[in-house]
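Me: I have a model open and would like to learn how to read it. Could you take me through it feature by feature?

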Amino acid sequence: MKRLRLAAAILACVLVLISVAGSFVPRFDYARQDREHVGSRPSSGHWLGTDDLGRDRFARLLQGTRISILLAPSAAVVSMLLAFAIGAVPGFAGGFAERAAVTAIDLVLSIPWLFLLLIVRAMLPLNTSPAASVTITFLVLGLLGWAAPARILLARARSVRQAEFIILARSTGIAPYRLLYRHVIPNLRPILLAQFWISVPIFILSEANLSILGLGVAEPLPSLGSLLRELETVLSLRADICRFAPLVMLVVIVSSLQIAVSGREVPS
Amino acid sequence: MNRRSFSLFVCLVLIGFLNTAVCWDELRFYLRSEPKTFNPLAVADDSSETVRYLTGGVLLRLNRETQKLEPGLASSWTVSKDGRTITFTLRPAIFFSDGTPFTAQDVKYTMDQLMDPELRSPTGDSFRSDNGKVNCTVLAPDKVAIHFPAPIAGLDRLFDQVAILSSQSPKKEMAVLGPYYVSDYKPGSLVYLRKNSNYWKHDSSGRQLPYISAIKLEIQSNRDLEMLKFSRGEIQLINALDAEYFDRLATSSPALVHDGGASLDSEQMWFNQVGTAPIPAYKRTWFTSRNFRRAISSAVNRNDLCRVVYNGHARPAFGPVSPANRFWFNSRLQPIPFNQKAALRLLQLDGFQLSAGKLRDREGHAVEFSIITNAGNRARERMAIMIQQDLVAIGITVNVVTLDFPSLIQRITQDFNYEAALLGLVNDDLDPDGQMNVWLSSSETHQWNPKQKTPATAWEADLDRLMRVQASSMDNQTRKKYFDKVQEIVADQAPFIYLVNKNALTAISPSVEGAKPVVLRPQTYWNIEYLKLAVERASNGK
């Protein structure tokens, strides 16, 4: 199991390295439209053929992977910071703060996130560059994706608060911030890490959902999600197999991330 | 006992066979949304329009093939010289689907209902030429005159949309004079139409029309499913096909698909010229400049849009009227050539300069704007991305933004918080009066700068004047002269940058005989009375 996790982690790293290295190769221009070779089959010029606007599929796959695989963890960091602030801190504090946090978490979890994302996405300024748009999209995902991890962190923080070693520490007169820093955070770290790794594929898939609705990253920048739009009609079932490349990439990335974190010990 | 069982079995088989036989003589196609109403006077959506077309009896019918009016329930008609009165002579001995007789009183009742302000009928709006009441006078049991407070250009063609209601039938709007009546409706699932046995029309051999006994209209918005069902022979018509599906079908079964050439529909982009719009002043200066708009128009490669986005099933558009509209199209308009050097020259006239690959205005602002379009419409998204690349070549940065449709409509009609938009115009009406709401500067759908109290520019004042003058004339040649001028002004000023006219792409099963697909709606079943199913013909032959 450990070897499998290691292999999955190495695979994820290799994919990151390849996608990042691709940006330094000028022939892989993800935006250039070769309108004379629209929807072409794989060739020496276009390794995975071209899409319906004549853009090189391989270049777009590299760029899309790079965007999704770099920005999804960033969104997960934002999400974990919020989850810690809204879940763990009130959970440890208890009382009114905890009740307010539980209410806020329940409220956010009850909101249909897809519609919320659509509304937030529609409110963004129009004149943002594709690079800014992709950052904003993932930032929005991070800002809205804190509730589920916050609930888990809150429950764990509550049990830590009631643990004997905390009561003992309190009785020694230790300052609350020091208590949080020295005793609570180390106890929550495994959960934070596990939730982080779970969030990464969730954010990649969420962005894919938005992109399939045409509301993800702005053109001409690709993401794994927007590349999946080539598969949105039934016609693609009989189409060029290279159209499935982003789907394969997404499955490989999500699976390798899940396998890499699946064996981590999470305290009960 | 055995004999009884056998007889029962035979009866059941026969009943089953007859039931199946009825199903054979059934035309099937999809409605892409739920019909909002079965009241033919309140129709405002495509699905309700389909039901109205198949069930409603009209005084005059526009022949979609010849684009000329033909007598319907009225055997003849005359329009007064002042364009305010139309007199119909009705056919005798016609009955509604429930057996109620059709009289001139029904025409009066229908017009009264249609013009009732509380109904808010879009069809009725076309008849509102001025303040004042529309009067309908029954001159004889078979003669009726309708008086309007002001002249209406192309008055007679408006009656193609007016399905006559019965003033006496207890079934109200469900009693119809058209070839079919609604026999069953399951919300969200289907509308079932059966042949109206009282339909007045007969073929040349005296046989009552329509030939097909029933029409099953399943409600289904999924185009993939529509395509699959058509391929399996489970539905027989597709009224509007996407280019990708068209080519797929054309490869496997070329006889099933039909490219009718340019339709009346156009795709266009425009810049926001609203004075109060929350956009920077320097951008408004760009957008209100004729040279800027014409430069953008020249820098867009329309041939590529047609070839790449529509697989060649579209024509470059360069004016407000499609060539499919044979009479009103201004053939003197010149195509806009794709010429990025000419575009740059036009921009230089306004003080724009291209340096280091970036176009800058007089004040040094880099030229950058966003184009909004509706998310999920792949063709529009692709066009916007291609325009983005075309404009990069002249140093302009374009940000393509796809929005869900309600947000988009909010921006272009309420907030005016956008810079450029790319959308399509569905055009059902051949007559220029149908475009009155687009060209009048006071109109809410004068998209680039709606609801103006007074025209913001001299050319918009000209458009207002010419549209009003053409609408007040009763002579079509005179009207055309004015409307040609409108088209020339629009082509010259480019408030709309017309991109393409999509072709009318249809699919018709070989089991449907007599179909003559056309570019006007409804493309495949406009001559529904004369359509036959192959099985039905075979059974007649026997």
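Reply: Let us begin with accessibility: a residue is buried under 20% relative accessible area, exposed over 50%, and partly exposed in between (1.4 Å probe, protein chains only). By that rule R307(B), with a relative accessible area of 35%, is partly exposed. This is a predicted model, where local features need pLDDT of at least 70 and side-chain atom pairs count only at pLDDT 80 or more, while totals for chains, interfaces and linings use all residues. Residues are numbered from 1 along each chain as its sequence is written, chains are lettered from A and ligands numbered from 1 in the order in which they are written, and side-chain values use heavy atoms, with hydrogens and water left out.

Me: Which residue of chain B does the side chain of R307(B) meet in a salt bridge?

Reply: Side chains of opposite charge can pair when their charged atoms come close. The rule for a salt bridge asks for a side-chain nitrogen of Lys or Arg within 4 Å of a carboxyl oxygen of Asp or Glu. R307(B) meets D304(B) this way, at 2.8 Å from N to O. The two are 3 residues apart in helix α9 of chain B, so about one helical turn separates them. Helices (H or I, at least four residues) and strands (E, at least two) are DSSP runs, numbered from the N terminus. D304(B) is buried, at 12%. R307(B) also forms a salt bridge with E36(A), the closest N and O atoms being 3.3 Å apart.

Me: How much area do chain B and chain A bury between them?

Reply: The size of an interface is often given as the accessible area lost when the parts come together. Here buried area is the accessible area (1.4 Å probe) that two parts lose on being put together, summed over both. Chains B and A bury about 2700 Å², 48% of it on carbon and sulfur atoms. Counting contact as heavy atoms within 4.5 Å, 35 residues of chain B touch 30 residues of chain A.

Me: Where do E49(B) and R52(B) lie?

Reply: Both are in helix α2 of chain B, 3 residues apart, about one turn of the helix. E49(B) is partly exposed, at 22%, whereas R52(B) is buried, at 7%.

Me: Which residue meets K502(B) in a salt bridge?

Reply: That is E267(B), at 3.6 Å from N to O. The pair links distant parts of the chain, with K502(B) in strand β19 (residues 496-508) and E267(B) in strand β12 (residues 257-271), 235 residues apart. K502(B) counts as partly exposed at 26%, and E267(B) is buried at 2%.

Me: How many bridges join β2(B) to β3(B)?

Reply: Two strands pair if DSSP finds at least two bridges between them. Strand β2 (residues 60-63) and strand β3 (residues 68-71) of chain B run antiparallel and are joined by 4 bridges. L62(B) has L69(B) as its bridge partner in β3(B). The hairpin has 4 residues between the strands, and Q67(B) takes a positive phi near 60°.
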